[in-house]
Amino acid sequence: MNMSGFMKKEGVKSVISSVLCILAGVLLGFIIMVLLALFNDRTSIGDAVKGLGILLAGPFSSGNAAYIVTNVGDMIFYSTPLIMTGLSVAIAYKTGLFNIGAAGQFYMGTLAALMIALNADTNGSPAMGFLVWLAALLTAMLAGMIWGAIPGFFKAVFNVNEVIVCIMTNWISANIVTWIFTNTPDLINRSAGKSGYLITTAVTGNGTPKLGLDQVFKGSYIDMGILVAIALAIVIYVILTKTTFGYELRACGSNKYGARCAGMNEKRNIIVSMAIAGGLAAIGGALYYLNPGIELKFDTAYSQLPSYGFNGIPVALLGSNNPIAVIFVGIFIRFLSLGGDHLTSAGYNKYISDIIVALIIYFAGFSMFFKGFITKLARKKEKAAEEAAKAAVQKPSVEGEKTGAKADEAAPEKALTEGKEAETK
Amino acid sequence: MIFLLQKTLIYTAPLLIVALGGMFSERSGVINLALEGEMIFGAFIGAISARLFLEAGVFSNMQLQFIVVLLISAASGAIFSLLLSFSAIKLKADQTIGGTALNMLAPAIVNAFALAFFNMEKIQMPANFQGYVIKNPDATPIEQIFADKAYISTYVIVVVFILLSIWIYKTRTGMRMRACGEHPQAAASVGVNVFKMRYLGTTISGALAGLGGYAYIATVANGTAESSIAGMGFLALAIMIFGNWKPVGIFFGALLFGFLKCIGPVYNSVDFLKNLGLPMYFYNIIPYAVVLVVLAITAKKSGCPKAEGIPYDKGMR
């Protein structure tokens with residue numbers, strides 16, 4: 001296959017435009033670091049270069065081999081909820097909906113999962129622990145599906161913009177989480193120096209099974225959640241590409257009216273798609289907080305939404321809403337923010353990586369522009385290749401053509417000399 | 001009761017002006033989801049300049065300083081909104097994504113720059129910014145509502161609101177701008193520069209959001225500019241939809257939601273609400289839940305600009 005044909009493929013174009021978005025975001029982030037260095041005594045230009053290195057090295061920016069292994073394990077663990085919210089945004093996007101409510105659905109999943117897991121003390125019985133974990137995960141999914149169906153319902157029945165409804169449900173769910181957990185005194189961690197935290201599944205013994213992964217990545221939080229996320233990504237991929245139902249969802253996304261004319265129930269599809277999206281984001285919340293090492297700070301939850309919900313958006317966009325690509329992008333975004341966490345060693349703060357992620361979304365907005373640019377480039381190359389091929393064929397036979405080409409080449413010079421002549425005259 | 005009305009006015013003002021900002025952008029044809037981010041950014045720049053002014057003692061009159069800082073916040077909101085208009089108008093990018101990106105960018109900028117230059121994640125204005133508040137404890141009850149524990153920003157906002165509402169309906173430029181939101185090709189066919197009008201609408205929108213952002217933190221949020229503004233921008237967007245993209249509707253919507261929004265933080269100081277024994281979270285949820293109910297009822301007869309969210313394409317007639 002030749003190069004230009006390769007570049008014309010939709011998938012390849014998406015990958016290239018995503019890479020361009022990332023590069024543009026990182027470059028701008030670097031410029032911001034340089035600017036900060038110029039206007040701030042604490043950092044120098046050298047620090048900016050060092051900072052860029054740290055960002056690009058992610059978990060490997062630590063020199064110690066043992067730390068690196070732990071960091072990689074943590075990176076995989078923290079990318080699990082990102083992959084889930086990314087899948088959530090992606091499947092909604094395929095149906096033509098913008099699920100900005102993943103944060104609220106994430107909270108609903110957290111709430112449901114922790115209410116089940118933390119209320120059932122199964123310490124000492126791994127089998128029971130696993131069953132409770134499974135029940136917690138499934139309840140979380142159900143809660144998220146119901147929560148996610150609300151914006152879908154409003155969109156389908158009342159034709160209300162799903163973005164507004166999603167935002168409203170986000171804040172409602174954030175308040176519900178704090179409200180409910182302030183009334184569950186048994187679940188609050190009251191050990192010294194703790195305020196506003198819940199106990200974890202380490203106490204109740206029904207955390208996500210580790211499957212020995214914690215032996216591979218010693219000292220990290222990693223558990224089998226990542227395997228659940230990957231399995232779900234594959235399931236969503238199969239549903240979207242291989243089933244009639246998935247086809248209907250995509251049809252609604254590309255043309256609502258066309259789908260209706262073809263006899264599809266587009267209203268039902270909108271609600272179901274948002275419900276699935278809600279379920280996925282909720283599983284993200286559940287997998288995150290069911291880890292024995294992660295504790296929920298519930299008392300301030302009502303005033304801030306989880307960043308995982310919003311960071312699902314760049315994950316989905318950069319992955320072109322392809323469920324399989326979402327896995328890799330999720331890990332990549334976490335890679336970047338992990339680099340951000342280490343930025344303090346170069347004199348910067350971790351929020352630089354937040355800026356970069358936001359910039360990447362900004363650029364992802366005009367990925368169509370990037371794609372058009374790539375298409376143009378491919379066409380140019382194709383033309384050049386065609387001309388080269390033509391020239392190669394015509395070279396031995398046609399002498400006149402060649403001289404013609406030469407004449408063309410000489411033309412500007414000729415014009416120049418003519419111009420000079422005119423001037424001298 | 002007087003207390004509740006005073007608080008309602010204070011909460012209403014930022015919502016009112018930001019919702020009008022949303023209207024300006026959408027009537028010109030650009031969905032401005034970034035109101036929240038523009039508020040955060042405007043508030044941040046405003047808080048920094050107020051800090052610098054107070055430290056340098058530039059203004060002896062606090063009210064004058066308040067007005068100057070409001071203008072600075074408006075300018076910074078306008079500049080920040082150029083990011084959105086550039087991607088939405090020039091590059092014809094997805095406006096929802098662009099707006100979301102700005103909403104994520106603003107908090108990140110606030111945190112990163114506040115940490116880099118002030119060593120904290122948020123900017124707190126010095127305590128003497130309390131001089132902004134106007135006190136008239138001895139006035140009659142009616143006067144108290146409007147002139148006691150009041151802020152000059154409320155009146156600035158009302159004046160700007162009225163002037164701009166008249167402007168968009170009665171002047172030539174205003175009418176042209178609205179035409180660009182309804183049918184840009186028709187507007188272009190009579191010689192209106194659609195791109196220019198949309199840039200103008202979005203920039204005014206950003207300015208109003210920046211102004212509202214600083215008014216919010218100076219009057220409601222104890223002078224703290226941080227990475228979150230508690231969904232005020234989105235609430236303003238909902239008020240704009242509630243108001244059917246018209247100033248009069250927005251005015252009543254802002255009053256209603258200003259009232260609902262202020263109950264959560266102040267219910268403890270109002271006896272009959274306190275006696276109900278409901279938690280703060282319940283009152284916090286009310287405005288958001290009411291938005292949903294109201295949208296469900298009003299969405300069918302929507303006065304939504306026909307061309308909003310669609311990038312202008314000269315070739316499409």
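**Helix packing, backbone and aromatic features of the predicted model**

In chain A, the loop between α6 (126-158) and α7 (162-182) contains Asn159(A). Although Asn159(A) is not a glycine, its phi is positive, at about 60°. The structure is a predicted model, and these values therefore describe predicted coordinates. A corresponding entry occurs in chain B, where Trp245(B) is located in the loop between α10 (232-242) and α11. Trp245(B), likewise not a glycine, has a positive phi of about 60°.

Confidence was examined for chain A. The mean pLDDT of this chain is 85, and 90% of its residues reach 70 or more. Residues 398-425 of chain A, however, have a pLDDT below 50, and this stretch makes one contact in the model beyond near neighbours in sequence. Where pLDDT is low, the predicted coordinates should not be read in detail.

Helix packing was then considered in chain B. Two packed helices are described by the angle between their axes and the distance between the axes. Helix α11 (residues 247-266) of chain B packs against helix α13 (residues 280-298) of chain B at an angle of about 160°, and their axes are 7 Å apart. Because angles over 145 degrees count as roughly antiparallel, α11(B) is roughly antiparallel to α13(B). The crossing of these two helices, α11(B) and α13(B), is left-handed. On the α11(B) side the contact is formed by Phe257(B), Leu260(B), Lys261(B), Ile263(B) and Gly264(B), while the residues contributed by α13(B) include Met280(B), Tyr283(B), Asn284(B), Ile286(B) and Pro287(B). Classified by residue type, the contact of α11(B) with α13(B) comprises 10 nonpolar, two polar and one charged residues.

The contact of α6(B) with α9(B) has nine nonpolar, two polar and no charged residues.

Helix α1 (residues 2-27) of chain B and α10(B) have axes that come within 8 Å and cross at roughly 65°. The crossing in which α1(B) passes α10(B) is right-handed. From α1(B), the residues Tyr11(B), Leu15(B), Val18(B), Ala19(B), Gly22(B), Met23(B) and Glu26(B) meet Met232(B), Leu235(B), Ala236(B), Leu237(B), Ile239(B) and Met240(B) of α10(B). By class, 11 nonpolar, one polar and one charged residues make up the contact of α1(B) with α10(B).

Aromatic pairs were counted over all chains, and the total comes to 33. In one of these pairs, the ring centres of Tyr78(A) and Tyr288(A) are 6.1 Å apart and the ring planes lie at 50°, so the pair is tilted.

Conventions. Residues numbered from 1 in each chain as written. Chains lettered and ligands numbered in written order. Predicted model: local features only at pLDDT ≥ 70, side-chain atom pairs only at ≥ 80, totals over all residues. Heavy atoms only, no water. Axes fitted to C-alpha atoms, helices over the stretch in contact; angles between N-to-C directions. Helix = DSSP H or I, 4+ residues; strand = E, 2+ residues; numbered from the N terminus. Parallel < 35°, antiparallel > 145°, perpendicular 65-115°, else oblique. Left-handed = near helix turned anticlockwise from the far one by under 90°. Contact = heavy atoms within 4.5 Å. Nonpolar A, V, L, I, M, F, W, Y, C, P; charged D, E, K, R; others polar. pLDDT = per-residue confidence, 0-100. Phe/Tyr/Trp six-rings, centres within 6.5 Å; stacked < 30°, edge-to-face > 60°.
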